[in-house]
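Dear colleague,

Please find below the structure that I am handing over to you. My findings on its salt bridges and on the contact between its chains follow.

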Amino acid sequence: MIRRLPEQAGEWIDRTRPIPFRFENRDWQGYAGDVITSALYANDIRFVGRSFKYHRPRGSYSLADHDANVLFTDGSHTNIRGDVTAVEPGMNLYAVNTFGGLANDRMRFVEKFSRCMPVGFYYKAFHRPSLLFPFHEIMIRKVAGLGTANPSLPPPSSPKEYAWCDLLVVGSGPSGLGAALAGADAGADVFLVEEQPQLGGSSLWQLGRDESIRETVHSLVQRVEQHPRIRVRPQTLASGFYSDHWVALVDEEKLTKLRARTVVFANGAIEQPVVFQNNDLPGVMLASAAQRLLRLYAVKPFDRVIVTTANTDGYRAAIDLKEAGVEVPVVVDLRPGGESSELRQEAEESGINIQSGAVVWEALPTRGKTGIRGALVCPLDSNGHPHTGHGTAVPCDGIALSAGWMPSTPLPAQAGISFAYSRELEQWMPDKIPDRLFLAGRVNGIYDFEARHLDGKRAGFAAARTLGMYHKSLPTCPSPSKKPHSHPYPIYAHPGKKNFVDFDEDIHLADLVNAHQEGYDSSELLKRYSTLGMGPSQGKLSSMNAVRILSSLNGTPIELTGTTTSRPFYTPVPIGHLAGRRFHPIRHTPMHDWHEQHRAEMTHAGSWYRPEYYHREDESREKRILSEATAVRTSSGIIDLSTLGKIFINGPDAAEFLEHIYTGRFKKLPVGKQRYVIALDESGMVVEDGIVARLTEDVYYVTATSSGAEHFYRDLQRWQIIWEMEVTLVNATAQYAAMNIAGPLSRELLAPLSTVDLSPEAFPYLGVRQGEVAGVRALLLRVGFVGELGYEVHVPASQGLHVWETILAGGRDMGLEPFGVEAQRLLRMEKGHLIIGHDTDALTHPQEAGVMWTLGKGKSFYTGGKSAEIIGRKPLTRRLVGLRWPTGYPGPLPEECNLVVDAKGENILGRVTSIAHHSTLGHPIGMGLLHPKITQPGTIVHIRLDNGAVSRAEVASLPHYDPKNERQLG
Amino acid sequence: MKILTCPINGPRPIQEFEYGGEVRIIPNSGNCSDDEWADYVFNRNGEPGVKREWWYHLASGTWFIAERNIRNDDIVRTYLWGKEGTT
Amino acid sequence: MNTDPATRRSPVETLRNEPHPDIYDLPNSYKVGLKGPGLVTWLRKENIAIPSATYDMILHNDNSLIVRIAPDEVIIESPDSGKLVCHINRRCDRADGGVYRTEQQAATFLLCGPKTHIVLEQTCGMNMASAHAEQIIYTRVAGVSCGIIPEENESGRNYRIWVDYSLAPSLFSTLRDICDAV
C-alpha cells in the first residue's frame, strides 16, 4: 500500500484489519473501512476501468459513485460500484467492459475509429439496410454494455420493506444533521439516510486545515446517533421519489419503501468537471475526490498535482494536498481576478504558486494513455478563451478540478420541486416548493459550514411545524453565499476532440456541437440523440455542463434552456431489489394436498392450482386423459370443482337482480331447481356462465367461472349499488369445497353416503337439494356438464377433503376414479358445451355462441340486452359449431386457434376453438367459430395447421355425444 | 406509491385498490337510440380535468367514488356512492 | 353441525408439521357469519351484543369474538368449544327478517414474537405498529387480502390474521419463510 499516508484523525480505515483481495488476477491488500477504489489507489492502481464506447483508460473521477468509471465484476455480481462498496476479504475483481483484461483490452483499438463514430452513430449506421440490423444488433450488444450477467446464479431473495416516518432527512452533512436534530427535538419521528458509511457529509473531508469543523460535526453525529427519535440509515441512497412522499431507499441488501410525512432534502452538491482535452484520463479527478481519498482513506492521490479551480473550495483542496505531502506546483484559477479570501494568502504562504485567469487546456498523457505526465496550462483572454499559443507544459501526475458544484437536484425535482437558474450563484436554486417538502444547505446556495447547519435546523423546525409539533417562530434563513461557487462556463474546446462532457457514454464537446447542428437543440432531444446523461451515473457529472453548452450554442440563457426531466431511479438499482421476495399467491382447493399425493399434474387456472390429470405408472398424458374420461362414461369419476365461483344472492329483490344480470328469467324458478345461465357485458358479449339455483324463496345460489368469479362478484356489487336493490350478496367461493361425481354409477355410489333421496323421481335432473353427505352439511345439484348422470356436492371448505376421501373410498369398488380438468374439457366438448373465453372470445355474442335459448322472452331489461338486440338485427358472421374427423383419420390434426380457410386458402372463414385428438367416441372432435355459410352439418372445411398443411374436417351438429340427453337425465 | 383514501378503510396504498372506470350516465336502454347506446358502450372521454371514478378496495370489497384530476393525478375527494354530500 | 372436529381440516395442515415460534395456525377456531339488513334486530332478539361501529369487536362471554365487518355484517369466531357459533348455526336456520347465515371458513393465524413487526414491514403496506388494537383491518399481506386484528398483551402485540381458506397455504408458507429468514 505504497500510497497510504500515516495514520490521521478521522480516517475510516482500520489499520489493524488488513483485507486481502484480488484485482485483475493479482493479489492486493487494503484495510477494513476501505472501499474498493480507495484500496486500489492505496496500491497505486489509478487506472481502474475502461470507458463504455472507446475503451479508454479511466480512473475514479469522484470517489463518490458520481461517475461510472469504477465498475467491477466478481463473476456473480455485475457492476459492483467501487466507490461505495467496501473491500472484502477474498474479493476477486475484474474491471467490466474489457476483452482480455484491463491492461490488454482487445477493444481499445475502437478509440482509433472514434472519428468514424459521430454522435447518433448507431442510429445512422445500422438501420440501413434494415435487413442487416439483427446482425448489427448482436455485434453491438457484444461490444457495448458494461458488466456481464450470470444467468446461472440462483435468484436472490432480497426483502422489500415498508417504513413510515414523520420526517425524512436526505443527507447527513451539517445541514442534514441540523435538520434531523431540530425535527426530532420537536418530537418528530425522523429517518436520516446517508449514502456513505459514516455521517457528516462533506464536512468530513472538505476541511482546508480547519479541524474545528470535524469536532463540531463529531459532536452533532453523536447526538444524532443517540437520539431516540432518529433512525439512522447509513450506506443508503434515497433513489426515487414517488407519489404522496413515497421514497425508495436503496441499500446493499434491500429496497425500503418509506412513506415520509415531510422531507428535508439536504443532499448537498455534486462537484462538476472542467471540460478540456484528455480530461478523462486516470490522474484527472475532482478535487473533492482527492480530498475524500486523503481524509477518509489516508491515501495520497497524486505525487504532484495541478489544482484547477474557480472557487474557494479549490484552495482548501490545494492546501490539504500540500499538507499531505503532495507537490502542488500551481493552482490554476479560471477566474481573471482569482481568489479574494484569506485562503489565497494561506496557499501562497505554503509555497503554492497561483495563476489566475488561466486554464489547463490539455492533459498530457503518458504512453498508453493510462495516466498523465503533465498539463498544458494556457492563460485565458478577455473572452475567456485559452491563448493556445502561450501554453506552458507543467509536469504532474494529477490534475484536481474544483470549478463548480451542481446541487443534487434530481431527487427534489422528482418530488415536484422546480428549480430556477441563479445568475448570481451560477447554479440551480429552488423555485417552487410543494407543501411538506424542504431543502437545506448548498442547494439553497449556502456554502459556509455554520450557515449550512443553521439552514438545516431551520428546515427541520419548519417540517416539524407542518406536522403540528413546533409552534415557535422559525430561525431566520441564512443568506446565500455572496459569490458563485461555480464557473459559468468551464468548457474549453480543443481540436483534439477528447474533451469529454459525459464520461459514461464517451460524449465529447464536438458530439454535442454536431448534434446541435443537426437540429437537436432542446435538452430533452439532445439527451436522447446523443445519449448524454443516459449512462449509469445519470448525468451527475454531465448534465450541468451540457446545459451550459446547449445554452451557449442556442444563444439563450440557461434559465430558458432548462434541463431534462428527472425520473426514478437516480442511481442504478439491482433488478433483484425491485423483484423483492416475489409474492405470487396461489389459491389451493381444500383437496390440494390429496391431488399432489395422488400424482396430479397441477396446472394454473387463473390464480388457482388445479389437477390437469393424474399420473399413473408411466402412461402418457393423452392416454391418462382419455382413460379418465372413459371411466366417467363407463362407471364414474369425481372432479374437484372447488375453484368454481360461488355466490349467494339473497333478499326480496334477488330474482329481479338476477334477471338484470343474466339473460334468463328467475322469478318463476321453483325452489329446489336450477338453470344454466349466461351473462353478457354491456356490449352484448358473452362473459360469464354458470348455474342459478333457488334454495329458498329469497335465497339464490350462483356458480361462476373459476377465473372470472372474483371480477364477476365485483360487478354484482357495483350493480347492486347502482340499481339500489334490496339484495344481500355473499361471495362464498372459498367457503365451500365442490366436487362433481359423474357417470352411470354415480347415484349408486353416492346414495349410501347421502341423507338426500337420490332417486330420479325425488331428485330429478336440474334439481337442488340440501342434506348431508358423509356426515357433513351439503348442497347437492344434479348437473350434466359432462353429459352423464351427475351430482355436484358443495360442502364447507374445511370438510371438503373428508367428503372427497369418503366418496372415493365408498366408490372404489365401483370403479370411481378422480379426473382432472383435461378429461372434463374433453367430456364437455363431446357434449357440445362451450367454455367461456375458450370457445368464445371478447367479441362473441349469444347468437354466435348458440345460447339464444337462455334468453328470457319479453324481458324489458338485462345487462347487454340492448346491445344484443342491436347485434341481432345484423347478419350473423360466425357461429360455434362442432367439427369431426373420421375414426382412424390418418392425416394431421389442428391445434386450438388454427384458422379455417376456404378451399384455395385465400380467405379466413373461422378458427378452431377446441380440439381433442382422441375422444371416447373413437374419433377426433373439435369445436370452432365458423362463417355461417359453412356451418351446415356435413360441410367439409379446411383448416390450416401451424406447418402450413391443411386438415379437412366435417362440420358436425352438437352435441357429438348422446344428442337426446338420455344419459344425464337418467 | 399513491395513497387513496377509502371512505370505509381510510388512507391506503394504491395497490390495495382496483380501478373501475369513470362514472358515466347509463342511458335508458328502453327508449334511447342505437347511436346513444353505442356511444355509451364504446366511447370514453379522456379529456383532462376532474373525473368521477369507481374504485374498489380489494381486501374489504368496498366500491366507492373518487374525484380525481387526471391532469395531475390529484385526488380531490372520495365518498360512497350516493353519499356525496356527507363528506 | 359443521363443527365436528373429526371431519374438519386446516388448510395448512401439511405445512405446520413443526410448531413455529412466530406463526401459529389456530385450526380449532370456528367461524360463522351473519349478513343482511335485519342483522341488528335479529341479534338484539337473540340477546347477542353487536359492536356499535364497523370494524369494532366485542368479546362474548364464551370468549367468542364478534367482529362487525360492515353495517349489515358480522363474523363470529369461537375458540375450541364453538359455543356461540353452534348457537348461531342452530338458530339462524330459522332466522328470517332479512338476515342470512354466511359460511365462514377463513383460516386464523396468529403472528407473534419479536419478529412480528419485521415480518409485517416486509409484507404489508400498512403501518401495523401504529394501527388501533382490537379492531379489524382489511388489507393485503404478501399480496393476499386478509383481515388483521392487532391484539395487545403483556409481551407486546400479536396479530390475528383471517385469511381465505384457499389462500391460507400460500400466505402461511410465505410468512413462515420470512420468519425464518429475518
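A salt bridge is taken here as a side-chain nitrogen of Lys or Arg within 4 Å of a carboxyl oxygen of Asp or Glu. By that rule B:Lys51 is paired with B:Glu22, with 3.9 Å between the closest N and O atoms. Please bear in mind that the model is predicted.

B:Lys51 is buried, because its relative accessible area of 7% falls under 20%. B:Glu22, at 26% relative accessibility, counts as partly exposed.

Salt bridges within chain A

Over all chains, the search of the whole structure finds 77 salt bridges. One of them joins the side chains of A:Arg528 and A:Glu524, at 2.8 Å from N to O. Both residues lie in helix α12 (residues 523-530) of chain A, four residues apart, or about one turn of the helix. A:Arg528 is partly exposed at 37% relative accessibility, and A:Glu524 is partly exposed at 24%.

A second example is the salt bridge between A:Arg616 and A:Glu817, whose closest N and O atoms are 3.0 Å apart. A:Arg616 sits in the loop between β30 (608-614) and α17 (621-634) of chain A, and A:Glu817 in strand β41 (residues 817-818), so the pair ties together parts that are 201 residues apart in sequence. A:Arg616 counts as partly exposed, at 34% relative accessibility, whereas A:Glu817 is buried, at 18%.

The interface of chain B and chain A

In this interface, 22 residues of chain B are in contact with 21 residues of chain A. The two chains bury about 2000 Å² between them, and 53% of that lies on carbon and sulfur atoms. On the side of chain B, the residues that lose the most area to chain A are B:Met1, B:Trp37 and B:Trp63, which together account for 31% of what that side buries.

Four salt bridges are counted between chain B and chain A; B:Lys2 and A:Asp244 meet in a salt bridge at 4.0 Å, N to O. There are also 12 residue pairs in polar contact across the interface. The elements that give two or more residues to the side of chain B touching chain A are β3, α1 (34-42) and β4 of chain B. The largest share, five residues, comes from α1(B). By class, that side has 14 nonpolar, five polar and three charged residues.

With kind regards

How values were computed:
Residues are numbered from 1 along each chain as its sequence is written. Chains are lettered from A and ligands numbered from 1 in the order in which they are written. This is a predicted model: local features need pLDDT of at least 70, side-chain atom pairs count only at pLDDT 80 or more; totals for chains, interfaces and linings use all residues. Side-chain values use heavy atoms; hydrogens and water are left out. Buried means under 20% relative accessible area, exposed over 50%, partly exposed in between (1.4 Å probe, protein chains only). Contact means heavy atoms within 4.5 Å. Buried area is the accessible area (1.4 Å probe) that two parts lose on being put together, summed over both. A polar contact is a pair of N or O atoms within 3.5 Å; within protein, one must be able to donate a hydrogen and the other to accept it, and residues adjacent in sequence count only if both atoms are side-chain atoms. Ala, Val, Leu, Ile, Met, Phe, Trp, Tyr, Cys and Pro count as nonpolar, Asp, Glu, Lys and Arg as charged, and the others, Gly among them, as polar.
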